[in-house]
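Here is a friendly walk through the model you are about to see. Please keep the viewer open while you read.

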Amino acid sequence: MFLAETITNPLARVGLLDEAVAFGRREGLLTVIDNTFATPVHFRPLSAGFDLCFHSATKYLGGHSDVVAGCVMGSTGLVERVRRALNHFGGSLDPHTGFLLARGVKTLAVRVQGPQRQRHGTGPLARRPPCGRCRGRLAKPLLGRVRLAYPAVSLGCVETLIIQRAVTAHDGMRPEDRERLGIGPDLVRVSCGIEAAQDLIADFSQALAGL
Ligand SMILES: *Cc1c(COP(=O)(O)O)cnc(C)c1O
């Protein structure tokens, strides 16, 4: 199996997805892609040739930080195999979670088209390494100073969420492996919600000014 992410977490890099599909075909591998960050609004992996595509529906599809769910798409044969495994492992949504998810999906397009239309990425400022003196000492105070953004591990919700990457999902990795991947102690991931832009700008400005 060749497993890829459409947009990588947490650095938002985009790989050569066409080449991943071609490589899988050439080598006889099942190509599987985690499309959580892109959402079906921005990318349709099955049309691009991937065999299976999955989403953490906990994130953009639900969109309100109130469900834990997932979904997988692909040919009937492959999805049937996933379903059989799922039955054995016991993952099944309760009706209320199903309702919340169905309701969240209705606003998916309007929620994801706002923030993702803006240009973003690892621009010159983002690439500039922090000064040696303050290295490793910026993320925590920033998280403590923001008032609007919630410090929480999820993403893709109507609320703005902020986390320090190295001490959350990548906690289990060795520090040198994290560094190699560019996940340093000052890396902060912000998942932008749908609050008024001027409120977010004001909040982050006061938080950054106080560092
Ligand atoms: C959160 C996340 C997962 C895990 O999903 P859960 O619904 O929390 O189990 C998988 N892939 C990506 C890209 C994620 O952001």
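Of the 211 residues in the chain, 34% count as buried, where buried means under 20% relative accessible area, exposed over 50%, and partly exposed in between (1.4 Å probe, protein chains only). This is a predicted model, in which local features need pLDDT of at least 70, side-chain atom pairs count only at pLDDT 80 or more, and totals for chains, interfaces and linings use all residues. Residues are numbered from 1 along each chain as its sequence is written, and side-chain values use heavy atoms, with hydrogens and water left out.

The accessible surface of the chain comes to about 13,200 Å², and carbon and sulfur atoms hold 57% of that; areas come from the Shrake-Rupley method with a 1.4 Å probe, and for residues only the protein chains shown count as cover. Taking contacts between residues at least 6 apart in sequence, 61% join residues at least 24 apart, a contact being heavy atoms within 4.5 Å.

Nine helices and seven strands make up the chain's secondary structure. These are DSSP runs, numbered from the N terminus: helices are H or I with at least four residues, strands E with at least two.

Three of the strands form an open sheet in the order β5-β6-β7, with mixed pairing. β5 (150-151) and β7 (188-191) are at the edges with a single partner strand each, so one side of each has no neighbour in the sheet. Strands count as paired if DSSP finds at least two bridges between them. β5 pairs with β6 (residues 161-164) in the parallel sense over two bridges, and Tyr-150 stands opposite Leu-161 in β6.

Helix α3 (residues 76-89) has 14 residues and should span 20 Å at 1.5 Å a residue, which agrees with the 20 Å between its end C-alpha atoms; the expected span is 1.5 Å times one less than the number of residues. Just after α3, Gly-90 has a positive phi of about 95°.

| Residue | Location | Relative accessibility |
|---|---|---|
| Leu-30 | loop between α1 (17-27) and β2 (31-34) | 32% |
| Val-41 | helix α2 (residues 39-42) | 30% |

What does Val-41 touch, not counting residues up to four places away in sequence? The answer is Leu-108, Ala-109, Val-112 and Gln-113. Val-41 and Leu-108 are 67 residues apart in sequence, yet 7.9 Å apart in space, C-alpha to C-alpha.
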